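Please read it alongside the sequence and the coordinates.

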Amino acid sequence: MARFGGDGLECARGERLVFAGLGFDVGPGDALLLEGRNGSGKTSLLRLMAGLARPAAGRIAWDGADIGDDAEGHRARTRYIGHLDAVKPQLSVIENLSFWAALHGGGAAGAQAGLTAFGLDTLARAPARYLSAGQRRRLALARLAAAPAALWLMDEPTIALDRASIAALIAAIAAHRATGGMAVIATNVDIGLDGARLLSLEDFAVADGP
Amino acid sequence: MIAALGLILRRELRLALRQAGESATVVLFFILAALLFPLGVGPSPATLARIAPGVLWATALLAAMLSFERLFQPDFEDGSLEQLALSPAPLEGLVLAKALAHWLTAAAPLIVAAPVLGVMLNLPAEGFVPLIAGMALGTPAISLIGAVGAALTLGARRGGVLLALLVIPLVIPVLIFGAAAVEAAIGGFPVRAHLTALGGISLGALVLGPWAAGAALRQALAE
């Protein structure tokens, strides 16, 4: 069984250490919620997990192998939903989603599944320029459903979402976990996932120096 | 991976088509900047013919400077770049696809406009073929070097100015060989050496550019 874990992680932002000695372990079907006040390093940790940045110390491993040693494999198994929606206003909703679906090997069927999962069917041909913040967020989340991936990393995914969309997101995460997928979610609101574990980043905070 | 690069190229071209104004700006700048010279130095045909090769190449390079910022900056700002960095395509491949799209949408229009401006600047007839050939061989280097500059200045404030300061010195060899090819043809000398040099610079940029720009993008994303 695949395991995704890290230990001894240290993250520096500029001169300041954000957290140190942080470890985590995620198995198939697990959901891990990252908690902590603003600036405690939730986004930084997610970016480390995605492989976008390297930790100042410690290692992150998939099945015991450092993710830096198999960057291509890690990219293929990871979907990252960051603060930014990566939506091009010049393209229509379906054009936006189809590109990412095709890039990750999901094809047209994947794009359609993404639209349906987040209730975007009726907006498919609309120019993304006219989407509201919540609709743009849904379009970003639809990438999760557009092509299968073992590891979902989400940074405050519920921002700007209405209640129905949050329910759709929870259903998508549940379906993902039911098939053995893993999810790591940074959030400060209780989104009500069954059996999710908590990781409080404040436990690993480094006291601000003089 | 080839399929992924094809997808990225198609998306880039579609985006460029949807905002065709940006490509038009580059060509319009080229035309206007070249127009300043007959106005500034006077309409004497002999003078214009003398300066035409250098003016055309220098103004084309300056016009190209306007186009580099849109290579990565919009993708960086809206989060597309981090998504592309997490896609199966390596960043070096992304740079290659972006540079090719840039060449097709920004450099190719300059190559088309150059002979028209050549007529306006009274460029001697022998100069046209080496002008077009030189631009076709030299502009890939411009696109690739510009991609390195754009990647290095990502996220920097006033990145546009910094980009020009960084890229202009690096493209001077292209200007020298490009203008020299046209001058040589007008003077009745062989142009092959100049054109070969331009092609060589482009090949060098093709090898080093994606690698350097990919490293710079990785750095920009890790911050």
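A residue counts as buried if 20 or more other C-beta atoms lie within 10 Å of its own, as exposed if 12 or fewer do, and as partly exposed in between, with the C-beta atoms placed from the backbone. The model discussed here is predicted, and by this criterion helix α1 (residues 42-50) of chain A is mostly covered, eight of its nine residues being buried.

**Helix α1 of chain A**
- The buried residues of α1(A) are Lys42(A), Ser44(A), Leu45(A), Leu46(A), Arg47(A), Leu48(A), Met49(A) and Ala50(A).
- Just after α1(A) comes Gly51(A), which takes a positive phi of about 90 degrees.

**Packing of α3 and α5 in chain A**
- Helix α3 (residues 93-103) of chain A packs against helix α5 (residues 133-146) of chain A at an angle of about 40 degrees, and their axes are 9 Å apart.
- α3(A) and α5(A) are therefore oblique to each other, and their crossing is right-handed.
- On the α3(A) side the contact is made by Val93(A), Asn96(A), Leu97(A), Trp100(A) and Ala101(A), while α5(A) contributes Leu139(A), Ala142(A), Arg143(A) and Ala146(A).
- Sorted by class, this contact of α3(A) with α5(A) has seven nonpolar residues, one polar residue and one charged residue.

**Contact between chains A and B**
- In chain A, 20 residues are in contact with 17 residues of chain B.
- On the side of chain A that touches chain B, α2 (71-77), β6 (78-81) and α3 of chain A each supply at least two residues, and α3(A) gives the most, with four residues.
- By class, that side of chain A has 12 nonpolar, four polar and four charged residues.

Conventions
Residues numbered from 1 in each chain as written. Chains lettered and ligands numbered in written order. Predicted model: local features only at pLDDT ≥ 70, side-chain atom pairs only at ≥ 80, totals over all residues. Axes fitted to C-alpha atoms, helices over the stretch in contact; angles between N-to-C directions. Parallel < 35°, antiparallel > 145°, perpendicular 65-115°, else oblique. Left-handed = near helix turned anticlockwise from the far one by under 90°. Contact = placed C-beta atoms within 7 Å. Nonpolar A, V, L, I, M, F, W, Y, C, P; charged D, E, K, R; others polar.
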